[in-house]
Amino acid sequence: RQREQDFLYAAEWEQLREQGVLHHLFVAFSRETADGSKHYVQDEVRAQGALVARLLQAGGLVVVCGRAGGMPREVRRALQDALVQHAGLSAEQADQQLAELQRSRRYLVEVWD
């Protein structure tokens, strides 16, 4: 929800990005928008949908971090939507690809209560 409280390993993630290990780092803090609206992780996935689908198809890795609850489910739904809309997969194919990404540890979910 808030960068100062919830962005675990922020310096490490940024260092990996600066070193070129990470090519893209998208974060969303739902309580820190300029206009007071809420911007969630799944909103960021949808906003970057074409890029997300391309990166997933090219061997990218997804790490979803944040509070437990509905967020992991909604992010998965947004990833599935990105694959359907931008990679031309059916919903079933997208779901299968996400399941395979999880099995191969290219889709990691780290959440807490």
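Q42 is buried, with a relative accessible area of 12%, where buried means under 20%, exposed over 50% and partly exposed in between (1.4 Å probe, protein chains only). Q42 belongs to helix α3; helices (H or I, at least four residues) and strands (E, at least two) are DSSP runs numbered from the N terminus. Beyond its neighbours within four places in sequence, Q42 is in contact with M71, E74, V75 and A78, contact being heavy atoms within 4.5 Å.

The model is predicted: local features need pLDDT of at least 70 and side-chain atom pairs count only at pLDDT 80 or more, whereas totals for chains, interfaces and linings use all residues. Residues are numbered from 1 along each chain as its sequence is written, and side-chain values use heavy atoms, with hydrogens and water left out.

**Helix α5**

- Helix α5 has 17 residues and reaches 23 Å from its first C-alpha to its last, close to the 24 Å expected at 1.5 Å a residue; the expected span is 1.5 Å times one less than the number of residues.
- The buried residues of α5 are M71, P72, V75, R76, A78, L79, Q80, A82 and L83.
- Their cover includes α3 (41–47), α4, β1 (62–67), α6 (91–103) and β2 (107–112).
- Q80, a residue of helix α5, is buried with a relative accessible area of 19%.
- Leaving aside neighbours within four places in sequence, Q80 is in contact with A91, A94, D95 and L98.

**Packing of α4 against α5**

- Helix α4 (residues 49–57) and helix α5 (residues 71–87) pack at an angle of about 90°, with their axes 8 Å apart.
- That angle makes α4 roughly perpendicular to α5, a class that spans 65 to 115 degrees, while angles under 35 degrees count as roughly parallel, over 145 as roughly antiparallel and the rest as oblique.
- Axes are lines fitted to C-alpha atoms, for helices over the stretch in contact, and angles run from 0 to 180 degrees between N-to-C directions.
- On the α4 side the contact is made by G49, A50, V52, A53, L56 and Q57, and on the α5 side by L79, A82, L83, H86 and A87.
- These residues divide into eight nonpolar, three polar and no charged, with Ala, Val, Leu, Ile, Met, Phe, Trp, Tyr, Cys and Pro counted as nonpolar, Asp, Glu, Lys and Arg as charged, and the others, Gly among them, as polar.

**Nonpolar core**

- A nonpolar core is a set of buried Ala, Val, Leu, Ile, Met, Phe, Trp, Tyr and Cys residues joined through side-chain atoms within 4.5 Å.
- Of the 16 residues in the largest nonpolar core, L56, L79, L83 and Y107 touch the most other members.
- At least two residues of this core come from each of α4, β1, α5 and α6, and α5 gives the most, with five residues.
- With neighbours within four places in sequence left aside, L56 is in contact with V62, L79, L83, Q97, L101 and R106.

**Backbone with positive phi**

- Most residues other than glycine have a negative phi.
- R105 is not a glycine, yet its phi is positive, about 65°.
- R105 sits in the loop between α6 and β2 and is exposed, with a relative accessible area of 60%.

**Helix α2**

- L16 lies in helix α2 (residues 10–18) and is partly exposed, with a relative accessible area of 30%.
- L16 touches V21 and L22, not counting residues up to four places away in sequence.
- L16 and V111 are 95 residues apart in sequence and 21 Å apart in space, C-alpha to C-alpha.
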